[in-house]
Amino acid sequence: MQNVLLMCLSVVAQIEEIIGDGEAVATLNGVRKTIELGLLEDDVNVGDWVLLHTGYAISKVDYEQARKMLDAMELADSL
Amino acid sequence: MKEYSDYLTELNEKTAALLTKITKYCKVLNRQINVMHVCGTHEATVSRAGIRSLLPKNLRIISGPGCPVCICPAEHITTAKELAKRGNIITTFGDMFKVPDTTLKSLSHLKAEGHDIRTVYSAMDAVKIAEKNPDKRVIWLGVGFETTAPMTAYELMKKPPSNFYVLADFRLVPPALDLLLSDPEHELTGIILPGHVTTVMGLKEYEEFPRRYGIPMTVAGFEAVEFLYALEVLLKMMVDGELGLKNSYTKVVRYEGNPKAKEVMKKVFKVVDAKWRGIGTVKQSGYDLNEDFREYNARNLIDFDISLEYDLPKGCRCGGVILGKVEPEECPHFLRRCTPETAIGPCMVSDEGTCRIRATFREVR
Ligand code: SF4
């Protein structure tokens with residue numbers, strides 16, 4: 001039980017439902033949880049992925065960027 | 001369509017390619033390379049994946065002051081314990097619950113003695129407890145780095161009930177980096193910046209560092225492949241003689257950080273000189289509540305004197321471990337008297353502590 005109450009834990013969650021009042025329901029590892037959106041400036045929609053820190057979304061996750069980074073890693077030697 | 005196994009193969013190939021490049025760069029550099037990260041979660045990534053055992057001999061990954069529980073001053077815990085003894089409800093993250101102060105007693109001991117200490121998942125849960133217990137004072141232990149601080153600020157901006165108090169001891173990464181980089185005992189050649197601190201704060205405040213200290217920097221993610229990618233980016237800068245500051249965690253880190261989080265912190269906190277456990281006072285390195293939020297400051301409830309001269313248990317070398325000057329293996333207690341089950345110092349108690357992580361994921365070299 002203690003393990004889920006850590007301050008350093010940041011997890012990625014997907015928005016399932018916006019419930020207004022700066023809150024949303026998100027799923028993380030299959031578990032539905034109410035999360036706080038008030039610290040995010042960007043608009044968040046159902047289906048978006050966010051980085052959660054102690055229950056608050058602190059950033060939208062940009063998988064497009066992540067994929068670009070992976071693609072940029074060349075397999076060939078560059079030296 | 002691509003199968004799952006195709007992705008895995010691709011990822012494995014990329015990881016292998018990154019390692020090959022890292023090895024090559026180290027060979028070209030042909031000198032000792034010391035890369036420091038300042039994040040407990042990065043240490044977990046490195047130790048869990050056994051990354052150190054895969055790296056060339058002249059590349060050392062050093063774990064810096066990245067565990068908020070470890071650097072939280074012993075006074076904070078002693079104060080929280082005193083406030084608990086006075087009939088207040090203490091609310092805290094689970095990580096803080098087991099950390100002893102200099103008496104070797106933690107909040108968990110006080111709970112066992114019948115005092116009201118509650119571990120919660122977030123600052124908003126602490127506010128809810130205050131709403132449900134209007135006749136009691138509820139004290140929220142506000143600790144952590146820039147990643148954890150905005151939540152407390154945000155809750156205070158929402159005007160919580162007047163029986164809600166914060167004992168704020170947030171700590172800031174840039175002043176600690178300044179300290180490490182100007183330390184003549186360290187010969188650091190590269191810095192991996194913490195991924196989630198920079199998610200909040202952005203990169204701007206680190207802009208001057210590479211030139212000031214002649215050292216490249218990059219931000220890394222927390223998957224092993226993301227960490228290796230950042231390492232490769234860093235080494236490439238060294239090979240090219242580039243003193244850059246690069247974002248290798250574009251998945252969540254933006255250059256400007258999270259403007260809203262920064263704004264609430266600016267409204268609620270003031271920057272103060274602050275004590276780091278095992279290190280001492282670092283100038284302008286902490287957040288406390290500013291005058292506008294004075295009524296919520298738990299320090300106003302303190303009518304007792306707490307000042308500790310030595311803040312680590314006897315023989316514990318956490319101070320050196322936190323600064324990356326002592327490897328846990330060099331501490332005589334490591335895995336002898338001090339184990340995850342019989343932890344002596346904060347670096348072994350905390351899940352983010354270097355001693356704890358090293359003990360959990362023993363490496364084969
Ligand atoms: S092994 Fe234990 S006693 Fe030694 S430095 Fe780490 S926490 Fe302190």
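**Chain B of a predicted two-chain model**

In chain B, β1(B), α2(B) and β2(B) form a right-handed β-α-β unit. The model is a predicted one. Within this unit, strand β1 (residues 33–37) of chain B pairs with β2(B) in the parallel sense, over 5 bridges. B:His37 stands opposite B:Ser63 in β2(B). Strand β2 (residues 59–63) of chain B is largely enclosed by the rest of the structure, because 4 of its 5 residues are buried.

The whole chain gives the setting for this unit. Chain B has 16 helices and 11 strands. Its radius of gyration is 21 Å, close to the 21 Å that the globule rule gives for 365 residues, so chain B is as compact as a globular protein of that length. Along the principal axes, the C-alpha atoms of chain B fill a box of roughly 65 × 50 × 45 Å. Of the 365 residues of chain B, 52% count as buried. Among the contacts in chain B with a separation of 6 or more, 76% join residues 24 or more positions apart.

Another part of chain B is an open sheet of 6 strands, in the order β4-β3-β5-β6-β11-β10, with mixed pairing. Its edge strands are β4 (117–119) and β10 (269–276) of chain B, each of which pairs on one side only. From one strand to the next, the twist averages 25°. Inside the sheet, strand β3 (residues 89–92) of chain B and strand β5 (residues 138–144) of chain B pair in the parallel sense over 3 bridges. In this pair B:Thr91 stands opposite B:Trp140 in β5(B). Helix α8(B) packs on the sheet, where it touches β5, β6 (164–171), β10 and β11 (280–289) of chain B. The direction of α8(B) makes about 150° with that of β6(B).

Helix α8(B) also has a helical partner. Two packed helices are described by the angle between their axes and the distance between the axes. For helix α7 (residues 123–132) of chain B and helix α8 (residues 149–157) of chain B, the axes come within 9 Å and cross at roughly 35°. On the α7(B) side the contact involves B:Ala123, B:Met124 and B:Val127, which meet B:Met151, B:Thr152 and B:Glu155 in α8(B). By residue type, this contact of α7(B) with α8(B) divides into 4 nonpolar, 1 polar and 1 charged.

The interface with chain A comes next. The contact takes 37 residues from chain B and 30 residues from chain A. On the side of chain B that touches chain A, two or more residues each come from α1 (4–29), α2 (40–48), α5 (94–97), α8, α10 (195–201) and α13 (259–268) of chain B. The largest share of this side, 7 residues, comes from α1(B). The residues of the side of chain B that touches chain A divide into 15 nonpolar, 13 polar and 9 charged.

B:Glu207 lies in the loop between α10 and α11 (209–213) of chain B. B:Glu207 is partly exposed, because 13 other C-beta atoms lie within 10 Å. The C-alpha atoms of B:Glu207 and B:Met217 are separated by 9.5 Å, with the two residues 10 residues apart along the chain.

Terms used. Residues are numbered from 1 along each chain as its sequence is written. Chains are lettered from A and ligands numbered from 1 in the order in which they are written. This is a predicted model: local features need pLDDT of at least 70, side-chain atom pairs count only at pLDDT 80 or more; totals for chains, interfaces and linings use all residues. Axes are lines fitted to C-alpha atoms, for helices over the stretch in contact, and angles run from 0 to 180 degrees between N-to-C directions. Two residues are in contact if their C-beta atoms, placed from the backbone, lie within 7 Å. Ala, Val, Leu, Ile, Met, Phe, Trp, Tyr, Cys and Pro count as nonpolar, Asp, Glu, Lys and Arg as charged, and the others, Gly among them, as polar. The radius of gyration is taken over C-alpha atoms; the globule rule is 2.2 Å times the number of residues to the power 0.38. A residue is buried if 20 or more other C-beta atoms lie within 10 Å of its own, exposed if 12 or fewer, and partly exposed in between; C-beta atoms are placed from the backbone. Two strands pair if DSSP finds at least two bridges between them. A crossover is right-handed if, with the strands pointing away from the viewer, the path from the first strand over the helix to the second runs clockwise.
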